[in-house]
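Biologist: I would like a close look at the charged side-chain pairs in this model. Please start with the overall build and then go into the pairs.

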Amino acid sequence: MVLPIHKWYRYTAGFSAIWAKQLIELHKSKGRTRVIDPFAGSGTVLLESEFENVESMGLESHPYIYRIAKTKLAWNYPAEKFKESALLLLHQAKKKKINKTDFPKLILSCYPLDIIQKLEALKQTWLETEQEKEIKDFNWFVITSILRTTSPVGTAQWQYIQPNKTKAKVIDPFVAYESKVNEMYFDMKGLQNKNKNVKHAKLFNEDARDIKSIPKGWGDLVITSPPYANNYDYADATRLEMTFWGDINGWCDLQENVRKHLVRACTQHVSKLGNEIESILSDCKLKPIQEELSEVYEALKLERLKHGGKKNYHLMIAAYFKDLAEVFHSLRSVTNENCLMCFVIGDSAPYGIYVPVDKWLGELAVSAGFDSYSFEKLRDRNVKWKNRKHTVPLQEGRLWIKG
């Protein structure tokens with residue numbers, strides 16, 4: 001995470017910006033100049049598309065991550081104006097006296113009161129100050145991006161909160177804010193001098209299962225990484241930030257505000273799936289994998305009864321592939337016949353029962369109307385984790401889909 005702009009915000013689901021750049025560059029020379037990322041995340045593919053001066057469109061359905069990516073994509077905003085406005089907010093925040101001591105439980109468990117009050121001073125100043133939208137977004141981004149580095153407890157970027165752990169290095173909020181502003185300023189200046197002409201990417205807060213904003217047959221190169229079917233809760237991963245800003249009042253609000261917009265890749269997502277499961281398993285879009293999927297579903301349904309947590313992996317797996325089938329059908333309508341798609345994916349083995357993700361996703365893509373698929377393995381997974389629950393070999397790689 002040393003590349004300009006990419007380093008502004010660490011995203012757990014990110015992949016190599018250098019690789020994305022090389023791929024875009026290669027296919028630009030072959031005439032593919034319209035890039036789509038249906039799971040845009042923090043904007044890696046869209047940024048690299050801008051730097052390569054090709055057209056690009058992206059979708060991000062997580063409202064919080066969409067806002068992060070949107071701000072990063074504004075890197076071409078006048079750098080001097082950004083810095084001046086951001087430091088003025090800091091100056092005003094330092095003069096603000098915060099006496100409030102009543103904060104959400106999660107916030108109180110992550111920070112000592114003096115740190116919370118400095119962060120609150122920044123937040124209150126941001127709320128009270130009238131600024132143009134771009135500046136408002138930048139300053140929101142700066143405050144948001146320092147929330148984890150200013151907490152003394154276990155809040156490593158994009159991991160779940162661990163109040164009982166401590167960090168060796170904690171930065172004062174006002175120092176962290178100024179440092180982040182300077183980092184962003186120098187990145188903006190450097191890239192603006194280097195990239196005089198760019199085709200600005202378009203990013204939509206939209207669901208990849210139902211693409212509406214990208215024109216029919218528009219794209220010829222898709223580069224993306226969908227959520228893995230590994231039970232990672234992307235909604236919960238932003239709970240600290242959303243709680244700080246008052247976007248949610250607690251864990252329960254995540255379902256309505258975030259999860260319902262996301263591909264169902266964790267068991268928290270499917271706890272109320274209930275009667276829908278039969279219609280999911282019999283959906284015609286799942287036809288090429290229906291028999292194998294049903295076998296894995298039944299195996300997981302029985303296996304869960306042997307475990308204390310009784311996690312609904314069987315429901316999650318069924319819903320996950322139904323959602324990805326919808327994504328492929330949606331992508332088919334917005335890509336042309338010369339399209340090449342690259343999905344960075346990893347397979348899965350909940351409760352030690354193997355799920356052939358690359359094979360199933362490839363078959364779903366062909367069923368949606370693409371010509372062919374192949375899988376390029378990049379690395380083994382589940383070989384280093386000390387707390388691994390099973391020994392099933394797993395892999396991560398690139399699913400290439402043509403047509």
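With 403 residues, what radius of gyration does the protein have, and what would a compact globule have? Then, which residues are linked with Asp 323 in a network of salt bridges?

Modeller: This is a predicted model, in which local features need pLDDT of at least 70 and side-chain atom pairs count only at pLDDT 80 or more, while totals for chains, interfaces and linings use all residues. Residues are numbered from 1 along each chain as its sequence is written, and side-chain values use heavy atoms, with hydrogens and water left out.

The radius of gyration of the protein is 22 Å, which agrees with the value near 22 Å for a compact globule of 403 residues (C-alpha atoms; the rule is 2.2 Å times the number of residues to the power 0.38). The C-alpha trace spans about 65 × 55 × 35 Å along its principal axes. The protein has 14 helices and nine strands (DSSP runs numbered from the N terminus: H or I of at least four residues, E of at least two). Of its 403 residues, 56% count as buried (under 20% relative accessible area; exposed is over 50%, partly exposed in between, with a 1.4 Å probe and protein chains only).

Now the pairs. There are 27 salt bridges in the structure (a side-chain nitrogen of Lys or Arg within 4 Å of a carboxyl oxygen of Asp or Glu). Asp 323 belongs to a network of salt bridges with Asp 207, Arg 209 and Arg 264. Between Asp 323 and Arg 264 the N to O distance is 2.8 Å. Asp 323 sits in helix α13 (residues 313-334) and Arg 264 in the loop between α10 (253-257) and α11 (276-281), so their pairing ties together parts 59 residues apart in sequence. Both partners are buried: Asp 323 has 2% relative accessibility and Arg 264 has 15%.

Helix α13 also supplies Glu 326, whose partner Lys 285 lies in the loop between α11 and α12 (290-303). Their salt bridge has an N to O distance of 3.7 Å, and the two residues are 41 apart, in distant parts of the chain. Glu 326 is buried at 17%, whereas Lys 285 is partly exposed at 23%.

A local pair is found in helix α14 (residues 357-367), where Lys 359 and Glu 363 are four residues apart, about one helical turn. Their closest N and O atoms are 3.5 Å apart. Lys 359 is partly exposed, with a relative accessible area of 29%.
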